[in-house]
Amino acid sequence: MKFTFKGGIHPYEGKELTEDKDVKEYLPKGDMVYPLSQHIGAPAKPVVKKGDRVLVGQLIAEAGGFVSANIHSSVSGTVKVIENRLTSSGSKVNSIVIENDGLFESADFAANAIDKPLDELTKEEILDAIKSAGVVGMGGAGFPTHVKLSPKEPDKIDTIIVNASECEPYLTSDYRRIIDEADKVIGGLEIVLTMFPGAKGIIGIEDNKPKAIKLLKEKLAGRTDIIVNALKTKYPEGAERQLIYANTGRYINSNMLPADAGCIVHNVDTVYAIYEAVREGRPLIDRLVTVSGDAIEEPTNFVVRMGTSYKELIEAAGGFKGTPEKVIAGGPMMGKAIYELDLPATKSSSAILCMSKDEVAEYEPSACIRCGRCVDVCPGRVMPNALANAVERDDMDTFMSLNGMECCECGCCSYICPAKRHLTQTIAGARKLVLANRKK
């Protein structure tokens, strides 16, 4: 990867492996695992039991509260067990395990489709459809979409932003979604706009995606309610705070929500899922996942059914060229290294990266040389070196006084540090501790 001290990290590297390849649908063969916590908020509650037969699109777990989300089966088969299973987060989560019968018999979810003109859709109909379908934010956070679309002061929402930046290296699933399904992406944004009269839509997309920008502008030619904003290619332009600032000039901090700045931000795949939930009655049972890296034989974007094993997806991409030194769930900057391949794809699974070399492990961290490069590239406008020093001294008062919670865990500081200090990981651990204490 390249970098510039003033501009941050250039995020194009690795995208050429998959961006021009057709998306492939993968039909899973083995058991399917559905963690009940695939979203922010309360875990979903099982509505099936061992021995039950289920169909594609059938509800298997219902939202466990307002901030929660329904979960549906993506295959037909029989419930084997409900037990703790390992996830890509590294923790074990209570999960429904379904024995896939390979028939893919489907429930009639098309009966839930809403076939009305846009101007006749009601907010309640839209929210009910989204909630029923179990749609969550698919950029990584997994925030339930029906909650995000229910702000306390809806009249203050004047901008709906679709995050099409996809600024992580290697990832191209959002790009392929736009190229292949632009009408549904636009359609999902149109549905959201009907809920907030007077709001405008912005599709924010980095300028390293000229084909997608051209396609969207052609389809939106002459419209004033939705604009395509070509953004400078600069990591982490797709982070929520940076995206809002780049598109509106409004600044938010860690104590604010996008709604406080009059904005709602959705990922490309989220607005696509909104369209399918409302117009097709389709629950969220699959998503695009990039399987890539220099250790993969055939890097590909797959349509992946939730619950599919990472191991199967790697095999579908031709398997490993050789033994990889590192496998990452997500992008190389914000993803998590995993030590087990038998993990389920979930609603927040964006990529599986398989790298022939573990470049991070090649270096031993040394003392800070006080060069200031981490400060120079930090989009959160904090001092990562000072924050990490405070955490290492167990000085949380100083950590808070230096605005440690403004870190977005983008990884820029760790990447740029010539001393190879684990700055992001150290700060992220402290942030988790602060958030855990707030909940007590």
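In the predicted model, Arg282 is buried, its relative accessible area being 18%. The residue forms a salt bridge with Asp286, and the closest N and O atoms of the two side chains lie 2.6 Å apart. Asp286 is likewise classed as buried, at 12% relative accessibility. Both values fall under the 20% limit that defines the buried class.

A second salt bridge connects Asp183 with Lys219, with a separation of 3.1 Å between the closest N and O atoms. Asp183 has a relative accessibility of 52% and counts as exposed, whereas Lys219, at 37%, counts as partly exposed. Asp183 is assigned to the exposed class because the threshold for that class is over 50%.

A further salt bridge is formed by Lys116 and Glu125, whose closest N and O atoms are 2.7 Å apart. Lys116 is partly exposed, with a relative accessible area of 31%, and Glu125 is also partly exposed, at 23% relative accessibility.

Side chains of opposite charge can pair when their charged atoms come close. With a cut-off of 4 Å between a side-chain nitrogen of Lys or Arg and a carboxyl oxygen of Asp or Glu, the count comes to 26 salt bridges.

Methods
Residues numbered from 1 in each chain as written. Predicted model: local features only at pLDDT ≥ 70, side-chain atom pairs only at ≥ 80, totals over all residues. Heavy atoms only, no water. Buried < 20%, exposed > 50% of the residue type's maximum accessible area, 1.4 Å probe, protein only.
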